[in-house]
Amino acid sequence: MQLKQSLLFFKTAAVGSALVIMIVSWVMYVQLQQTRELNDRLFTLQTQIQRLLDQEERFLIERQRESLKSIEEHRFAYKDSFSQLLNMLVSQQRNLDLLFKLDEEVKRFTLKYEQLASMQALLGYDKSEGVYGNFRRQAHALQDIAKIANHPDLEILILELRRREKDFLLRLDPNYLLMHSELLNKTRALISVQFPDKSTQLLSTLNQYEQGFNTYINVLKRQGLDHSQGVRAELHQLKLSIRDHFEVVSKQLFNQSLEKKQQLVLACLAIIVFISCCSLLLLFVLNGRISDHIISISRVLKKVAQYEDFSLRVDLKGEDEIAQIAHYLDDLLAFIETLLDRLTAAQQRLIEEAKMASLGNMVSGFAHELNTPLGVAITSQSLLKEQVETLKKDLESGQLQKHTLTNLISEAETALYLLENNLHRTASLINDFKKVSVQQEYDDIQEFNLKTLVEGVFDCYQHELQAPNYHVELEIPEGLMLSSYPNVFVQILTYSLNNSIQHGKCEDKPLNIVVSALVVNDYIHVYIKDDGNGIDKELLPVIFEPFITTQRNQGGIGLGLSIIYNLVTQKLKGEVKIQSPAHGGACLHIILANTPFKLEEH
């Protein structure tokens with residue numbers, strides 16, 4: 001299979017998975033919206049039911065007609081919430097049996113509530129209505145009779161009756177009924193003894209009061225003195241039943257919704273897993289093929305880069321895109337191999353030409369440098385030879401005189417002096433030239449303090465580097481210890497200082513020379529800088545070649561930087577660079593990667 005077809009399959013699978021996920025997400029969103037709406041409907045219904053149930057407690061506390069009006073409002077609100085929930089569940093084809101049972105329980109509660117309200121109407125909603133108003137009027141009649149009779153004991157008994165009556169109505173404690181009954185008997189006995197002529201009227205009023213009070217108590221007991229008696233007990237049980245039914249309805253509805261969502265999610269996950277498995281299977285197969293091909297190509301490229309062997313080939317079989325890349329790579333390697341052969345031949349020719357040109361420049365420069373001292377030496381030798389011939393001739397003829405001998409000796413000494421000096425200069429020039437090859441051992445490896453060594457070299461140049469014409473500055477760590485060839489560093493510093501003095505010094509300003517060293521990532525960097533005349537940009541590419549100088553007529557021979565280059569690269573196994581900004585000055589940068597060192601703290 002071509003990679004293009006594989007990528008197309010992966011794109012199709014990815015788009016399919018994305019579409020499935022989008023559809024699932026949308027369906028889940030719709031389901032969540034339905035769940036949220038269901039939750040809102042259930043919460044509204046629960047709120048209306050709770051408000052409806054709370055009206056019973058409010059009615060028993062207030063016992064006012066206004067409470068009957070509010071329960072009608074809550075009943076209509078409940079019916080509206082129930083209808084909305086019912087319509088939503090019917091559209092979703094949900095099971096409604098439990099919901100109808102809940103509605104029946106609510107209806108039974110409202111009927112019982114109406115029964116409780118009718119009993120309260122029988123009792124009376126204020127002090128002048130119903131049974132309560134009747135026995136209260138009889139009680140006032142008793143109090144009036146007691147005041148007219150002006151009998152303190154009777155007044156006290158009637159007041160006690162009213163107090164026990166109010167205690168019971170306030171606390172609904174049966175003990176107050178017993179006390180009230182005892183006080184009635186005492187009042188009846190007192191009336192019979194103290195008011196025999198009025199006993200019939202007083203006892204009739206007392207009996208009417210007792211009958212009205214008992215009727216009121218009986219109605220209260222039918223209502224229920226607490227939640228465990230009468231109609232109130234039935235209402236309490238209906239409350240508990242309604243709450244239990246509502247919890248069951250809520251759980252059933254949420255479980256049905258959750259089960260539907262789980263089935264939908266499982267189906268969608270199954271589709272996604274199937275598409276992913278097919279994609280992964282194909283990916284595994286293609287990954288094996290692609291990885292093998294890429295590894296083969298990488299292995300060949302690594303060998304080519306490591307061994308510079310462009311004769312290697314990948315030789316992959318197949319017609320897919322990676323195999324085609326391998327074929328193109330083989331063609332490229334073959335072309336590079338051919339091109340390298342051509343470049344090698346051309347390089348050999350250029351090297352030979354460069355060697356000959358460099359050798360010619362070297363020989364020409366060396367011959368030019370040797371020409372002057374050797375010419376003086378030859379002239380001195382000729383002069384000395386002539387003087388010897390003259391001396392020999394005068395000696396043989398007997399005409400040798402003292403002043404002649406003295407002149408001959410003086411001239412011979414002068415000639416010998418010139419001959420000796422120029423021969424020494426020639427020998428020195430030859431020794432400097434020999435140092436370019438750096439084949440000889442300068443010294444053994446020793447551990448030395450770099451700053452101390454540099455200071456010693458500058459001490460040797462005290463006369464040449466006197467202020468105010470020169471300013472020297474050292475920026476080298478005090479504790480930088482190197483394990484290397486100290487005499488090599490001395491040679492490098494010597495040639496560098498000679499170049500700065502000879503080529504960098506300007507007549508109109510002092511020359512600043514800075515030698516600095518620092519350690520960066522285990523590399524030692526040494527800088528030898530000055531702010532003098534600088535180096536022409538035309539000389540920078542060939543500045544390290546032998547006999548390259550701008551002051552050949554002033555005694556420069558052009559071997560210093562060449563010797564430095566060979567010392568650094570061959571002896572110290574380092575790297576050397578030179579820079580010269582356009583505004584003047586020069587900087588010799590030496591990088592030592594293989595020189596052991598220690599940086600001691602001071």
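Which residues does I297 touch, not counting residues up to four places away in sequence? They are V314, L316, I322, A326 and L329, where contact means heavy atoms within 4.5 Å. This is a predicted model: local features need pLDDT of at least 70, side-chain atom pairs count only at pLDDT 80 or more, and totals for chains, interfaces and linings use all residues. Residues are numbered from 1 along each chain as its sequence is written, and side-chain values use heavy atoms, with hydrogens and water left out.

**I297 and its helix**

- I297 sits in helix α8 (residues 230–307). Helices (H or I, at least four residues) and strands (E, at least two) are DSSP runs, numbered from the N terminus.
- I297 counts as buried because its relative accessibility is 12%. Buried means under 20% relative accessible area, exposed over 50%, and partly exposed in between (1.4 Å probe, protein chains only).
- I325 is 28 residues from I297 along the chain, and their C-alpha atoms are separated by 9.1 Å.

**Annotated spans**

- An unreviewed UniProt entry places the feature "transmembrane region" at residues 7–29 and 264–286. UniProt positions are in the numbering used here, feature names are shortened, and annotations may be inferred rather than shown by experiment.
- Residues 264–286 are 100% helix and 0% strand, and the end C-alpha atoms of this span lie 33 Å apart.

**The cavity**

- The structure holds one cavity of 30 Å³ or more. On a 1 Å grid over the protein atoms alone, a cavity is a set of points where a 1.4 Å probe fits but cannot get out; a pocket is an open set with protein on both sides within 12 Å along at least five of seven lines; lining residues have an atom within 4 Å of a point.
- The largest cavity contains about 80 Å³ of space. Grid points are joined across faces, edges and corners, and a volume is the space filled by probe spheres set on the points.
- Its lining residues include L450, F489, V515, S516 and I590.
- α11 (450–459), α12 (486–504), β4 (511–520) and β5 (523–530) are the elements that give two or more residues to this lining.
- The lining of the largest cavity has 11 nonpolar residues, one polar and no charged. Ala, Val, Leu, Ile, Met, Phe, Trp, Tyr, Cys and Pro count as nonpolar, Asp, Glu, Lys and Arg as charged, and the others, Gly among them, as polar.

**The second largest pocket**

- The second largest pocket has a volume of about 500 Å³.
- Its lining has 20 residues, with L60, I61, R63, L169 and Y216 nearest its centre.
- By class, the lining of this pocket holds nine nonpolar, three polar and eight charged residues.
- α1 (3–62), α5 (152–171) and α7 (199–223) each supply at least two lining residues.
- The second largest pocket lies between domain 1 (3–123 + 233–262) and domain 2 (130–225), because both give residues to its lining. Domain bounds come from an automatic or database domain assignment.

**Exposed loop residues**

- I445 is in the loop between α10 (402–435) and β1 (446–449). At 54% relative accessibility, I445 is exposed.
- I445 touches S483, S484 and Y485, not counting residues up to four places away in sequence. I445 and Y485 are 40 residues apart in sequence, yet 5.0 Å apart C-alpha to C-alpha.
- N521, in the loop between β4 and β5, has a positive phi near 55 degrees. N521 is exposed at 67% relative accessibility.
- K573 lies in the loop between α13 (560–571) and β6 (575–579). Phi of K573 is positive, near 55 degrees, and K573 is exposed with a relative accessible area of 52%.
- Most residues other than glycine have a negative phi.
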